[in-house]
Amino acid sequence: MEFLVHLSVAMPTGMPKREWDELLVAEHECATKLVAAGSIRSIWRIPGGGWTNVGIWEAENATELHELLSSLPLLPWMKTEVTALGVHPLTRVV
């Protein structure tokens, strides 16, 4: 099952920069593994500054997607929007 996932991260006020930088490294490592595993099929950065992206994620169901998203170290500072995707009839034409 495919999902459109919109993630927006906000650095918490008062967090030391060193701790934030460590979280960014951990997030990158985790996301790289999710891409390698095929859980993140494609991902795009949203221009305009900050840490906002949109991606196509694949999971067996919403519960598995929740588990995948929960593995992200920055999840506590993320706003997430998830839309389940269904096959459109035109995909058979293309």
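1. A salt bridge is a side-chain nitrogen of Lys or Arg within 4 Å of a carboxyl oxygen of Asp or Glu. Side chains of opposite charge can pair when their charged atoms come close. In this structure, Glu2, Arg41 and Glu58 are linked in a network of such bridges, and the count by this rule comes to five salt bridges.

2. Some notes on the source. The model is predicted, so local features need pLDDT of at least 70 and side-chain atom pairs count only at pLDDT 80 or more, while totals for chains, interfaces and linings use all residues. Residues are numbered from 1 along each chain as its sequence is written, and side-chain values use heavy atoms, with hydrogens and water left out.

3. Helices (H or I, at least four residues) and strands (E, at least two) are DSSP runs, numbered from the N terminus. Arg41 is partly exposed, at 47% relative accessible area, and Glu2 is partly exposed at 31%. The classes are buried (under 20% relative accessible area), exposed (over 50%) and partly exposed in between, with a 1.4 Å probe and protein chains only.

4. Asp21 and Lys17 also meet in a salt bridge, 2.8 Å from N to O. Both lie in helix 1 (residues 17–36), four residues apart, about one turn of the helix. Asp21 is partly exposed at 31% relative accessibility, whereas Lys17 is exposed at 57%.

5. A further salt bridge joins the side chains of Lys79 and Glu81, at 3.7 Å from N to O. Lys79 is exposed, with 55% relative accessibility; Glu81 is partly exposed, with 41%.

6. Helix 2 (residues 62–70) has Leu65, Leu68 and Leu69 buried. These residues cover an arc of only 95 degrees around the axis, which puts them on the same side of helix 2; the arc is that of the directions from the helix axis to the C-beta atoms. Thr63, His66 and Glu67, on the other side of helix 2, are exposed.

7. What covers the buried residues of helix 2? The cover includes strand 1, helix 1, strand 3 (51–58) and strand 4 (78–85), where contact means heavy atoms within 4.5 Å.

8. At the start of helix 2, a side-chain oxygen of Asn61 comes to within 3.1 Å of the backbone nitrogen of Thr63.

Conventions:
A polar contact is a pair of N or O atoms within 3.5 Å; within protein, one must be able to donate a hydrogen and the other to accept it, and residues adjacent in sequence count only if both atoms are side-chain atoms.
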